[in-house]
Amino acid sequence: MSSERINIENRLLAALPTENLWQFLIVVALTTFLLATPPVLGGEPTPTYFVAPDGDDGNMGTIDAPFATLDRARLAVRALLTTGVDQDIHVYLRGGTYFISEPVTFDTADSAPAGHVVEYTSFPGERAVISGGRPIANWTEQIDGTWTTTIPDVAAGEWTFRELFVNGQRRPRARHPNIGYLIADGPDPSVGSNTRTVFRYVPGDLPTDSNLAGAECNMLHEWTTSRVRIDNVNHTTRAVTTAQPLGAFGLITSIFQTTDHPRYALENHPSLLDSPGEWYLDNATGLLTYWPKPGEFIETVNAIAPVATELIVVRGNFATGDPVANLRFTNLSFEHVAWALPPGGYSSYQSGYYEQRGLPTYELPAAVKFEVAENCHLERIRVAHCGGWGVMLGAWCRGCSLVGSTITDIAGNGVIAGEDRYRRVNGIFWVENHEEQAATNNTVLSNLVQDCGVVFQDCAGIWAGLTIGSTIQNNLLRRLPHIGVSTGGYWDDSERPCGGMTIADNRFQNVVQLLSDGGAIYSVGLQPDSIFRGNLISGIPAAPGLSRNPAIYLDQGSTGFTIEDNGIYGVASSPFKFHLAGSNTLISNTMRLASASVEPYFLQSTDANDITRIDDVIINPTNPPTGCTPPVCGEASTAGLLPMYLSDIFVDTDGDGIADIDDPCPQRRPGDANGDGRLDGNDIQTLVALMLDQSTDSAAFCAMDVNFSGNITAADAFVFVSLVLNQ
């Protein structure tokens, strides 16, 4: 459907009142006519295909006989392209969920003609979800209150998974501690402090009914993380021995280099299953055990585990450089992506890129990946509940974009623009002989990027590696364990295919919440003609380790940056940090210091003469300047999401003033148990049914738990009455 056609439909719906039945029927009739009749542009009908969850791939792909799968529609478009069509082509997916086990892959034969576009989008007013998951069913309630189900494919060794999503939320594997991290007691005296496989636990910290063999240790280092398997735990000596090394190759990332007491947690062992919401999968028997949370009912639970490692792959020809061109994906959701722990375990050296340890190359998957692509775009999409990465605009991408979208609940990096140095061409790192393959002139504009790094805590919201001329602008980044935006790929000032970066007008809230040695914006290496401008940064606590967490951090080799008109407040450490940095220029940045003792500029092994500072404003909290509007003095006034995308990102289904993405009960506002938009006696009936265990409606439970106790009791009735009186 063309944009003109959609606009006509929307104008009709807006212009015709619907108070009377006959007027409403006119709207329905006209809309149906428009949807059933292909639009005419220049005398030719616009090629259009339709897909629906209840469709059939043997159909013709019309609105009345839709395809069943996105891949079938792709093939129909490809066949049409071979006829020499010289028009835009549109594929509409009706609302609902499309489960896939393999990615839908587009190559050069799927490109639109020059000057045109092939668009894959949701049907107007509906939302299509491409899911790489598989519903988990046939639960049985056990005496202890847990639910179990046996999954034959797991028992047969054909499938396993590391994520489980219940009623639209990620659930943790059996974990200890349930919240936060334990603190190691230091090295084991019998093996010394140089080991990378043994540490001691504090007395009383770990359950002693098992040696915990096969569990997974997630250890936090200064700015990196490890995930390796436990070999055994000796409860006499309190020695925890891992099957693979903790920490990547550098000494700085090993167990005890920066502290004798690193943080860690253990996961995925039956003896750790001790809290509602946790689960454990026995790969030998295929038995999945889940401890349900209050308000989850075995009759109506929606549990999904991922099977696909990627959802959409757009990849041109690496051998010839021919790109996939002119594809557009809009108003679609991409959810549920799997990943596997590498055989040697996982230990990162920075931002989720990890040590191969001499084993076969393994790269964490991305839910949506573009490579060797030109003028391909993602707009108003949603990527959520993913292992690995979220969206990758990777190798040899040119003029591609991610715009107006939501990236949330991602195991690793939320968005990747560019790539690291390690891809090989004919056995040689690509940056040594194929720099023309660098990603160039890509855009990440006005996206909400949040809750990334939920498995690999050292990852970034947006990671822009070796890339030229890319723009990261007007994004909102929040709730991140480490870096907000990371840019660069070499820890020196050598010339590489990296520079011309624009990181502008972004809003950073509550980033760098868990690890050390990070910042809202972090750079490394020579990046000439790059600029950080108009960003607003707040909510960075003191670092838990040795290395401080500034707002803007120019690390080793960072050279060639102009940093201007940024606003910084609510940052416990220095607003700026320079470590082995080169020549850079700061202009008119405003820093509201956390305390009078904070250094505005922390220079570590950096020559102060290399940092040009022009008209920066430093606000001492004990003596703010007259006329300066807090929190900053007018800088970064355009930071944050663009208004035109707010309604798509912050959808409020139940109209309670809380956007769905932040609402624990997005379908129904507090007290509206039956979802009719009113608080009345009908809701009381549902309240009573819930109290008597006569309802299995999770949304109703959530809505009626108005005092947030996790149970429905008489106390909720009293709060409900006050809501009724004040509505």
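These questions and answers walk through a predicted model of one protein chain.

The model is predicted: local features need pLDDT of at least 70, side-chain atom pairs count only at pLDDT 80 or more, and totals for chains, interfaces and linings use all residues. Residues are numbered from 1 along each chain as its sequence is written, and side-chain values use heavy atoms, with hydrogens and water left out.

Trainee: How many helices and strands does the protein chain have?

Mentor: Helices (H or I, at least four residues) and strands (E, at least two) are DSSP runs, numbered from the N terminus. By that count, the protein chain has 61 strands and nine helices.

Trainee: What is the radius of gyration of the protein chain?

Mentor: The value is taken over C-alpha atoms, and the globule rule is 2.2 Å times the number of residues to the power 0.38. For 727 residues the rule gives 27 Å, and the chain comes close to that, so it is as compact as a globular protein of that length. The radius of gyration is 27 Å.

Trainee: What share of the 727 residues counts as buried?

Mentor: Buried means under 20% relative accessible area, exposed over 50%, and partly exposed in between (1.4 Å probe, protein chains only). In the protein chain, the buried share is 55%.

Trainee: Is Asn413 buried or exposed?

Mentor: Asn413 lies in the loop between β36 (406–410) and β37 (415–417). Its relative accessibility is 0%, so Asn413 counts as buried.

Trainee: Which backbone nitrogen lies 2.7 Å from a polar atom of the side chain of Asn413?

Mentor: Start with the backbone oxygen of Ser351, which lies 3.0 Å from a polar atom of that Asn413 side chain. Contact means heavy atoms within 4.5 Å. Leaving out residues up to four places away in sequence, Asn413 touches several others, including Tyr353, Trp389 and Trp463. The backbone nitrogen at 2.7 Å belongs to Ala460.

Trainee: Which side chain makes a polar contact with the side chain of Ser523?

Mentor: Ser523 is in strand β50 (residues 521–523), and at 0% relative accessibility Ser523 counts as buried. A polar contact is a pair of N or O atoms within 3.5 Å; within protein, one must be able to donate a hydrogen and the other to accept it, and residues adjacent in sequence count only if both atoms are side-chain atoms. At 2.8 Å, the partner of Ser523 is Ser558.

Trainee: Which residue forms a salt bridge with Glu216?

Mentor: Glu216 counts as buried, at 4% relative accessibility. Glu216 also belongs to a network of salt bridges, whose members include Arg162 and Glu267. With the closest N and O atoms 3.1 Å apart, the partner of Glu216 is Arg173.

Trainee: How many salt bridges does a search of the whole structure find?

Mentor: Another of these pairs is Glu355 with Arg196, the closest N and O atoms being 3.8 Å apart. Glu355 is buried, with a relative accessible area of 14%, whereas Arg196 is partly exposed at 24%. The search of the whole structure finds 36.

Terms used: A salt bridge is a side-chain nitrogen of Lys or Arg within 4 Å of a carboxyl oxygen of Asp or Glu.
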